[in-house]
Amino acid sequence: MLKQAMAQNGLIAILRGLRPEESVAIGEVLYDAGFRIIEVPLNSPQPFDSIRLLRNSLPADCLIGAGTVLSAEQVQQVKAAGGQLIVMPHSDPVVLKAAKEADLYLAPGVVTPTEAFAALAAGADVLKLFPAESLTPAVVKALLAVLPKGTALVPVGGISPDNMQPFLEAGVAGFGLGSGLFKPGMTVQQVADNARAYAQAWRSLTG
C-alpha cells in the first residue's frame, strides 16, 4: 500500500504541531489536494488522538503515520491509534525492529551510505533523507548509484515547490513537506492553498 500511495503522489504531509481539534479539517483538504500519506510527529499536542481521528475520517487509500518516533513503546502506541507508518529522524535498531514486528511501514532517517544500507537491511520501506538542506541533488544521485535498484529516497527539510525538480532528476521517490505546507497557526485555507501548490508542482514535474 505504501508503494501505491507513493506512486499516486510522492508528497508526504508532516503536520508538526497539529492539534486534534483541527486534524480532520486539515486532513480533508490534504486528501482533496491529492496527498495520500500524512504524518503526525509525536512531539505534537496529543498526537495519538490526531492519528486516530485522521485514520477514522479519511479514506483507506490514505496512509496515516507518526513522525519523530523514538522508542519501541511509541511504536505500539502508534499502532494502537491506527497508525500505519513509522517515521524516524534516525535509525535506532530497537525502533526499527519494533516497527517491523508490529507490521508497520518504516521510514527511518539516514544521511550516509552506511546508515542507508543498515536501514534497508533492517527492513526499511523508505529512506528519509534528513536534513535535506545539507544534501545536494548530486549527493542524492551518488547515493542512489550504490543503493539497491528501486530504493525509495525521500528528502525532508527545506523542500519547496520551486526546488523539487533537481531532486526528482537525481532520482528521489518523493518529498516530506513540513513548515512549507503546515505549521501551527495556519488556517485550513492556508494549508489547502499550500497543498495545491505542492501538488501542482509534483504533477507538472512527474507527468
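Contact, for this talk, means heavy atoms within 4.5 Å. Hello everyone, and please keep in mind that what we have on screen is a predicted model.

With that definition in hand, let's start at Leu70. Setting aside residues up to four places away in sequence, Leu70 touches Pro89, His90, Asp92 and Val95. You'll find Leu70 in the loop between strand S3, residues 63-67, and helix H4, residues 72-80.

Now let's move to Ser23, which has its place in helix H2. Ser23 has a relative accessibility of 0%, so it counts as buried. And which residues does Ser23 contact, once we leave aside its neighbours within four places in sequence? They are Leu18, Ser50, Leu53 and Leu54.

On to the charged residues. Side chains of opposite charge can pair when their charged atoms come close. How many salt bridges does the model have? The count comes to seven, and I'd like to walk you through some of them.

Arg19 makes a salt bridge with Glu22, with the closest N and O atoms 3.4 Å apart. The two partners fall into separate accessibility classes: Arg19 is partly exposed because its relative accessibility is 37%, whereas Glu22, with a relative accessible area of 12%, is buried. There is also a network here, in which salt bridges link Arg19, Glu21 and Glu22.

Next, Asp61 and Arg36. Their closest N and O atoms are 3.4 Å apart, and the two form a salt bridge. Asp61 is partly exposed, at a relative accessible area of 32%. Arg36 is buried, at 9%, and the reason is simply that buried means under 20%.

Staying with helix H3, we come to Arg52 and Asp49. Arg52 forms a salt bridge with Asp49, and here the closest N and O atoms are 3.5 Å apart. Both residues lie in helix H3, three residues apart, which is about one turn of the helix. Arg52 is partly exposed at 35% relative accessible area, and Asp49 is partly exposed at 32% relative accessibility.

Last stop, a sheet. Strands of a sheet pair through backbone hydrogen bonds, either parallel or antiparallel. What is the strand order in this open sheet of three strands? The order is S6-S7-S8, and the pairing is parallel. Strand S6, residues 109-110, and strand S8, residues 153-155, are the edge strands, each pairing on one side only. If you zoom in on strand S7, residues 127-129, you'll see that S7 and S8 pair in the parallel sense over three bridges. And for a landmark to click on, Lys128 stands opposite Val154 in S8.

Note on methods. Residues are numbered from 1 along each chain as its sequence is written. This is a predicted model: local features need pLDDT of at least 70, side-chain atom pairs count only at pLDDT 80 or more; totals for chains, interfaces and linings use all residues. Side-chain values use heavy atoms; hydrogens and water are left out. Helices (H or I, at least four residues) and strands (E, at least two) are DSSP runs, numbered from the N terminus. A salt bridge is a side-chain nitrogen of Lys or Arg within 4 Å of a carboxyl oxygen of Asp or Glu. Buried means under 20% relative accessible area, exposed over 50%, partly exposed in between (1.4 Å probe, protein chains only). Two strands pair if DSSP finds at least two bridges between them.
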